[in-house]
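Please open the structure in your viewer and keep the selection tool at hand.

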Amino acid sequence: MSLRVVGVDPGLTRCGLAVVDVAANRQVTLVDVTVAGTPPGTPLDARLLTIANAIDAWLDQHQPDVLALERVFAQVNVSTVIGTAQVTGIVITAAARRGIPVALHTPTEVKAAVTGSGQATKNAIGKMVAKICRLDEPPKPADAADAVALAIAHAWRGAAAGSNASASASTAGGSKQLTAAQQAWIAAEASAKHKAARR
């Protein structure tokens, strides 16, 4: 059973959206990828509504087991951070309405998971995404490739129960509610580690 992960690279002008299926052997299949957004001159309310509608349609269409989102971090451009934070809130809310767990990952974590280096360039990320997903070329624009990278990074590094990446609320017992696919993924991962340890 594969784990379906939606990756979101949040932004007001361009919001990258991707969905991948990841098998227990870590093989990644790109299901779909796109970019939602609006021109810079569009009023803020219209921009946020456009992205909210796109996120709703994406989640309803693909029904992921988990959503991976880039964690907002401080930049020199404060207006960019504010816009990214607004989109992040929309995405988390849309996932919460559907009971989809949300995980946050920093750009450095994503780069390290996909390329092996936390300092990788956008170009390097795109090339590795294409290689991992067996594509002829990287998804474009870069926001699309980044969304795919987020989904891959979560599937490879953040799917385990108790991950520090989780933004989702815990249950009364203190552990997250996992979907059947997530439970199967974790069981397969544990089995593979056990077999490797016995060799």
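Exposed means over 50% relative accessible area, buried under 20%, and partly exposed in between (1.4 Å probe, protein chains only). Helices (H or I, at least four residues) and strands (E, at least two) are DSSP runs, numbered from the N terminus.

Next, select Ile 125, Gly 126, Val 129, Ala 130 and Ile 132, which are buried in α4 (residues 122-132). Seen down the axis of α4, the buried residues lie within an arc of 165°, so they line one face of the helix; the arc is that of the directions from the helix axis to the C-beta atoms. An α-helix has 3.6 residues a turn, so residues three or four places apart point the same way. After α4, select Arg 134, whose phi is positive, near 60°.

Now move to Gly 41, in the loop between β3 (28-36) and α1 (44-62). Gly 41 counts as exposed, because its relative accessibility is 72%.

Finally, colour the chain by pLDDT, the predictor's confidence in each residue, from 0 to 100. The mean pLDDT of the protein chain is 84, and 77% of its residues reach 70 or more.

This is a predicted model: local features need pLDDT of at least 70, side-chain atom pairs count only at pLDDT 80 or more, and totals for chains, interfaces and linings use all residues. Residues are numbered from 1 along each chain as its sequence is written, and side-chain values use heavy atoms, with hydrogens and water left out.
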